[in-house]
Protein chains: 4
Amino acid sequence: MELTGNWFAESVTPDWAVMLRLRSVLFSGSTAYQKVEVLDSSVFGRSLVLDGKTQSTESDEFIYHESLVHPAMMCHPDPKSVFIGGGGEGGTLREALAHRSVESVTMIDLDREVVELCRTHLPNHHQGSFDDPRLTLLHQEARAFLESPGDGFDVVILDLVDPLEEGTAYLLYTDEFYRIAKARMNPGGVLVTQSGPAGLSTHQECFTCIYHTLSHVFTHTAAAQVHIPAFQTLWGFTIASDGPLLQTQGDELEAAIARRINKELRHYDAETHRGMFALPKYLRQGMAEETRINRDDAPVFMV
Amino acid sequence: MELTGNWFAESVTPDWAVMLRLRSVLFSGSTAYQKVEVLDSSVFGRSLVLDGKTQSTESDEFIYHESLVHPAMMCHPDPKSVFIGGGGEGGTLREALAHRSVESVTMIDLDREVVELCRTHLPNHHQGSFDDPRLTLLHQEARAFLESPGDGFDVVILDLVDPLEEGTAYLLYTDEFYRIAKARMNPGGVLVTQSGPAGLSTHQECFTCIYHTLSHVFTHTAAAQVHIPAFQTLWGFTIASDGPLLQTQGDELEAAIARRINKELRHYDAETHRGMFALPKYLRQGMAEETRINRDDAPVFMV
Amino acid sequence: MELTGNWFAESVTPDWAVMLRLRSVLFSGSTAYQKVEVLDSSVFGRSLVLDGKTQSTESDEFIYHESLVHPAMMCHPDPKSVFIGGGGEGGTLREALAHRSVESVTMIDLDREVVELCRTHLPNHHQGSFDDPRLTLLHQEARAFLESPGDGFDVVILDLVDPLEEGTAYLLYTDEFYRIAKARMNPGGVLVTQSGPAGLSTHQECFTCIYHTLSHVFTHTAAAQVHIPAFQTLWGFTIASDGPLLQTQGDELEAAIARRINKELRHYDAETHRGMFALPKYLRQGMAEETRINRDDAPVFMV
Amino acid sequence: MELTGNWFAESVTPDWAVMLRLRSVLFSGSTAYQKVEVLDSSVFGRSLVLDGKTQSTESDEFIYHESLVHPAMMCHPDPKSVFIGGGGEGGTLREALAHRSVESVTMIDLDREVVELCRTHLPNHHQGSFDDPRLTLLHQEARAFLESPGDGFDVVILDLVDPLEEGTAYLLYTDEFYRIAKARMNPGGVLVTQSGPAGLSTHQECFTCIYHTLSHVFTHTAAAQVHIPAFQTLWGFTIASDGPLLQTQGDELEAAIARRINKELRHYDAETHRGMFALPKYLRQGMAEETRINRDDAPVFMV
């Protein structure tokens, strides 16, 4: 391959880097909270990069957002009110709004500027979802919001930046936070969180700890693993509820998807569901061996 | 991450490169057939690199080799004679020999020097399997060998370099070749081939064509997709047979694995099997839409 | 150093690359003649990149342009008419116009779009020189122009892209071309050309051949070597004339510079002049051993 | 250029990296004092890399070592006793021993293991000079050695690693150290030190400070600038003495070189000398404006 040209470089680990050829740099700057870039690479199209880490890309965000939203939504029999934490690109919002049952979405993304940059530069991500009248969009601390009294939610979707040592998002992955979220969930409510890398050598960074922490807070949990090309590795998602999870499969799930979601999905269906939740042996072993509970005063961080 | 230091760079596509920090270069040279390197990277340990492309690495070769060998072997009720094409590292051989039923393995790797380099530098790959008395190791053209008269095989395992334009391996992925291989297979015989990248943007390079070609030659086919970290993407495997495939699942498969394989596996079990063969929607669509038959005079090549 | 981020990569040789952190990509596209980028790097500021090769940068273009223009101009006792071939950034023009004696400059840069991009994006390069009433700016073939009848020039300055195999600029470095240029020069006229890399391992690519070819066409030649940081190596310049060269040095040269140039220079003065023209032993040896004459039908190319 | 392959990456500044294709890694490890690598790159051949920074390479070390040693030696009328600080590769030693007048060389390189690695892996650097009976090789602190009573030296050559914050070499570039060295120099003695990068944007890191400090300690100083390709920039050298410096030039210098040095030099001669010491305007300005004295308790560091 030809090296000459413009590149975006990102580390997967300190000894493993990825380089993507750049078509253009649409934005590069800093907000009050983080370093933000909107890039366009030949391989993945437009992407949002926060503090040097790719959040989602035009070409494969559908895998991420469908995997985050739909399994959790389908676990709930009739989700009317949805809470989204993070998700500034609008892709999570777009998928949640595709559910016919949804009457209201409360989305909190701390960083107003990021959301505005996404609205401007990532139209293929949000596809106009920010204009939906069912949306209430807030820019404040998600944890403080959930701690305050207010209406309950049927589904809580956490689409947050990774729990890095230098930020504050790690406080949205702890036992204490999950209890706060649970207190604002309606009976039978379902929570789902992106849970970090779940690959062979990376799942012990935070995935198994997040899973174990949720298992400690909720009666039922289920984990999935999906390959997100732009993340260079498998990615983990965890669903948690005090109600029963994942009741439907196969044809029954196909029928429910067709009935409840108002558009053609590109990634998620019953067979994709089966694949996502059938975890490889090394990952099940890692989950079984995990003993850490993620707590405010002893948090795990991603490397 | 710190850039200073020694790196191995590999292209995933012309616009997508991966860099791995090098611990050492154990061998770098050329044989009569190809450029060969044996490297040791901090992330993946020792690896074999042919013509600049990583073939397998110490840390994740178990995923590749277990995924290639065991589903195919388990599809056969009692595999006694195995043919391996390629597989110079010895990992495919190692997994095949773990089946108690196996009485003989004929392995053909054209490049004697590569095999010798692997025996010397990759002990954790082959784990002594080259010394097994059931092995007949040959260094000649696999296609010519299979075309010649000889004993039949119960399972044919094709662990070949990718079908690149600059090499000759592409002639081991064609309709004509598969008919040659089939003619040397015993009744009920099973063939499996590594089938190239099967990721979101890469599965149409050769995976769907290989799958479709095998479907054209054999009565039954089944495809799997596995994430191999060192390959930076999902990887495809295709099983083909004129007999029925994949009869067992779940507990029955677990029991058969325990009975038939003489060691603890690290990746493959019944749930891993379920995940591997439950393909995501985009991949099933790509397979359904594929119309190419890979032929000697009109071959597909990997980019 | 931190790898994460956006980079511009350029090859010095096929085995030697340079990476510069990008602040922004101001333009990236193609004209009728070449691939063009205007980049802004943290190290060198704004730069023009043609076909992947850096032409000049905001932070060090003064070294290049002063070294190209002033020694040649000072070799002529009273340069009134100047011809510039290439030089789209406007830096060569700026330096030529700083000579009080200059009454007219004819500048030919084939690629109108490049000149317009430079006028827009590289104000610190041209500093308004394109607006000088003494300038006639043309967009056509320099060689055809010089072959046509017309007024003579006192100084001919060739600020061309390197003689690469894929372009046509190599026809502006040949014996035949230099004879054409000479025919349009006034008596005592001086020609100068940028002459490619003149470093330890690179001076034989084209520098010594250009020098030798000019020595074949003109009575007197003189070569200089200057370190241009953004070129990652020493760079060569060759002056040629049928009249005597480089008459003045030291205090006399200082006085002439002060009298003839209407601004403070940043790089060129009498001591810099002495250093530029005192070539290291390996370079003088390379020049002495050179036997090639660069001809239209047997041109040298830069690697 | 082709990216695929093995590379050595080195930072010039935090935003400027160089990548060199590796042929092999001859040694990679750590001594008691530093990280050490002996590499072989296609561009520069074998090189010594300490703490990630290239010290010298097979292909261009002659420029560095001739520039460091000969101008200083030629400033002394009859150098008999030489002190070398650092210089583990043996190239400085080799050049000093080429002077017919030299009767003894005392070389101190703290890191015995580095010297042994160089003797083993860099034969083209030292060319057997470590076997010269005039050599006394010590492995101890150079500063402590010079502070102890002992015979005086005619020429002191400091070929030390750069003054980095993380090491201790910075204490060999201070006012205090230079006074210690001076106390061990014979009347008319000459000191020379490599003085770090002297390029357009790098000369203020440490070069001008070292120059100014030496000017503060010694009556006479002279600075030179040489392009070392493997250092990616111009490099500074400073000579200092209480006696007169640089008496000879031109033919007289040529004759002295021929008389006093017992081999053909590749870089240094009278014209190279003239070029090295004719510094460009920006560098002379930087030297003139420098006010810092480098002291033990307020040292400068290279970035």
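E264(A) and K281(B) form a salt bridge, with their closest N and O atoms 3.4 Å apart. A salt bridge here is a side-chain nitrogen of Lys or Arg within 4 Å of a carboxyl oxygen of Asp or Glu. Side chains of opposite charge can pair when their charged atoms come close. This is a predicted model: local features need pLDDT of at least 70, side-chain atom pairs count only at pLDDT 80 or more, and totals for chains, interfaces and linings use all residues. Residues are numbered from 1 along each chain as its sequence is written, chains are lettered from A and ligands numbered from 1 in the order in which they are written, and side-chain values use heavy atoms, with hydrogens and water left out.

Between chain B and chain A the count is eight salt bridges. Another pair is R21(A) with D15(B), at 2.7 Å from N to O. R21(A) lies in strand 2 of chain A and D15(B) in the loop between strand 1 and strand 2 of chain B, so this pair joins two chains. Over all chains the count comes to 68 salt bridges.

The contact (heavy atoms within 4.5 Å) takes 42 residues from chain A and 42 residues from chain B. The size of an interface is often given as the accessible area lost when the parts come together. Buried area is that loss, taken with a 1.4 Å probe and summed over both parts. Chain B and chain A bury about 3,400 Å² between them. Carbon and sulfur atoms give 60% of this area. In chain B, D15(B), W16(B) and K281(B) lose the most area to chain A. Together they make up 19% of what that side buries.

## What chain B brings to chain A

There are 23 residue pairs in polar contact between chain B and chain A, both residues at pLDDT 80 or more. A polar contact is a pair of N or O atoms within 3.5 Å; within protein, one must be able to donate a hydrogen and the other to accept it, and residues adjacent in sequence count only if both atoms are side-chain atoms. Several elements of chain B each supply at least two residues to the side that touches chain A, among them strand 1 (5-13), helix 1 (61-75) and helix 10 (281-289). Strand 2 of chain B gives the most, with six residues. Helices (H or I, at least four residues) and strands (E, at least two) are DSSP runs, numbered from the N terminus.

By class, this side of chain B has 22 nonpolar, ten polar and ten charged residues. Ala, Val, Leu, Ile, Met, Phe, Trp, Tyr, Cys and Pro count as nonpolar, Asp, Glu, Lys and Arg as charged, and the others, Gly among them, as polar.

## Strands that pair across A and B

Strand 2 (residues 16-30) of chain A pairs with strand 2 of chain B. The sense is antiparallel, over five bridges. Two strands pair if DSSP finds at least two bridges between them. A17(A) stands opposite M19(B) in strand 2 of chain B.

The same surface serves both copies, as 100% of the contact residues of chain B recur in chain A. Copies are superposed by least squares on the C-alpha atoms of residues with pLDDT of at least 70 in both.

## The contact of chains D and B

Chain D and chain B bury about 1,300 Å², 55% of it on carbon and sulfur atoms. Each chain gives 17 residues to the contact. T4(D), N6(D) and A9(D) supply 38% of the area that chain D buries against chain B. Zero salt bridges are found across this interface. Five residue pairs are in polar contact, both at pLDDT 80 or more. Strand 1 of chain D gives the largest share of the side that touches chain B, seven residues.

Strand 1 of chain B and strand 1 of chain D pair in the antiparallel sense, over five bridges. N6(B) stands opposite F8(D) there. A rotation of 180° with 0.0 Å of shift along its axis superposes chain D on chain B, RMSD 0.0 Å. The two copies are thus related as by a two-fold rotation axis. W7(D) comes closest to that axis of the residues of chain D, at 2.5 Å (C-alpha).

Note on methods: Buried area is the accessible area (1.4 Å probe) that two parts lose on being put together, summed over both.
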